[in-house]
Amino acid sequence: MCTKKKIWGITLVVLFFVNLFLGAMSAEVSAEIIYQAYETYEDVSVGPLNSPLNNYHHDQSNGTRAIVYDPAGGFNKVLKYSKTVSGSFKTIRWYNGAATGTFVTQFRARIDDFSSSWGWLLRAKPYAEQNLISIKKEGNNAFAYLYVYDVNQGSFVNTGQVINKDTWYIYSIVIDATNTYGVYVNGQPVAESYPLDNKFVQEGYEIDGLVFNNNNEGIGSSIYIDDFCIYEYAGALDFEP
């Protein structure tokens with residue numbers, strides 16, 4: 001999934017000859033992944049982020065951002081959002097013109113605590129927001145469920161997808177910029193063909209950003225992000241287990 005850029009130089013040479021061989025052996029050609037954006041954090045210094053990261057991220061309130069080492073171990077650097085103050089925490093990953101046609105927003109995410117719920121919203125220009133995903137626990141469960149927002153019902157729907165804390169998952173959000181969205185977790189569909197708000201469909205608002213959101217009163221929860229990418233959807237995800 002969203003292969004690390006640092007190995008692309010060697011990988012592309014190898015893949016060229018592999019694809020040349022496979023092309024000679026089979027008439028079937030797989031869809032090429034066309035990246036519109038790709039982001040890892042290996043070249044960013046560990047520590048707090050006090051300014052926008054590559055001009056793509058914007059903090060709004062009640063939280064912090066930092067580059068840290070992967071809490072699972074090792075020296076891989078990841079982006080950490082922390083809910084530090086009671087109230088609504090938001091940070092936006094602007095699409096900067098990449099959100100057109102049918103596209104995939106994909107990233108790895110790991111939540112360390114379910115004392116408050118994390119989610120993602122779609123941001124529009126002119127200003128509008130639509131809920132997409134919420135990850136929250138029910139009762140005293142040690143795990144959470146992934147919910148998706150159903151515009152027709154005006155509420156979140158439990159997909160039944162279990163999310164465990166301190167566990168990395170790959171989230172893929174497939175958006176048809178004129179119609180619907182779907183959600184995949186670790187390459188498997190958990191929600192398909194959910195409608196976008198009429199602002200996106202009928203009023204022609206531009207899809208402008210993905211909002212990382214935590215609007216609970218609880219504090220102390222953090223979410224880790226890595227391998228953030230946006231690419232055109234051609235019927236297949238760029239996913240590796």
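Close-up 1. At 59% relative accessibility, Ser193 counts as exposed (buried is under 20% relative accessible area, exposed over 50%, partly exposed in between, with a 1.4 Å probe and protein chains only). Ser193 belongs to strand 14 (residues 188–195); strands are DSSP runs of E with at least two residues, helices are runs of H or I with at least four, and both are numbered from the N terminus. The phi angle of Ser193 is near 60°, a positive value in a residue other than glycine. The model is predicted, with local features requiring pLDDT of at least 70 and side-chain atom pairs counted only at pLDDT 80 or more, whereas totals for chains, interfaces and linings use all residues. Residues are numbered from 1 along each chain as its sequence is written, and side-chain values use heavy atoms, with hydrogens and water left out.

**Close-up 2. Asp166 and Arg110, joined by a salt bridge.** The side chains of Asp166 and Arg110 meet at 3.8 Å, N to O, in a salt bridge (a side-chain nitrogen of Lys or Arg within 4 Å of a carboxyl oxygen of Asp or Glu). Asp166 lies in the loop between strand 11 (155–163) and strand 12 (169–176) and Arg110 in strand 7 (residues 102–111), so the pair ties together parts that are 56 residues apart in sequence. Arg110 is buried at 9% relative accessibility, whereas Asp166 is partly exposed at 37%. Phi of Asp166 is near 55°, again a positive value in a residue other than glycine.

**Close-up 3. The salt-bridge network of Lys90, Arg123 and Glu129.** Salt bridges link Lys90, Arg123 and Glu129 in a network; the structure holds 7 salt bridges. Between Lys90 and Glu129, the closest N and O atoms are 2.9 Å apart. This pair links distant parts of the chain, with Lys90 in strand 6 (residues 89–94) and Glu129 in strand 9 (residues 128–136), 39 residues apart. Lys90 counts as buried at 16% relative accessibility, and Glu129 as partly exposed at 25%.

Close-up 4. Lys125 forms a salt bridge with Glu206 (3.8 Å, N to O). Glu206 lies in strand 15 (residues 206–214) and Lys125 in strand 8 (residues 118–125), so this contact ties together parts that are 81 residues apart in sequence. Glu206 is partly exposed, with a relative accessible area of 35%, and Lys125 is partly exposed at 44%. The peptide bond from Lys125 to Pro126 is cis, with omega near 0°, and Pro126 is placed in the loop between strand 8 and strand 9.

**Close-up 5. Ile135 in the largest nonpolar core.** The largest nonpolar core has 51 residues (a core is a set of buried Ala, Val, Leu, Ile, Met, Phe, Trp, Tyr and Cys residues joined through side-chain atoms within 4.5 Å). The residues with the most contacts inside this core are Phe107, Trp120, Ile135, Leu146, Tyr171 and Tyr181. Apart from it lies another core, of 7 residues, among them Tyr38, Val104, Val174 and Tyr231. Leaving aside neighbours within four places in sequence, Ile135 is in contact (heavy atoms within 4.5 Å) with residues including Phe114, Trp120, Leu146, Ile163 and Tyr171. In soluble globular proteins, nonpolar side chains tend to be buried together.
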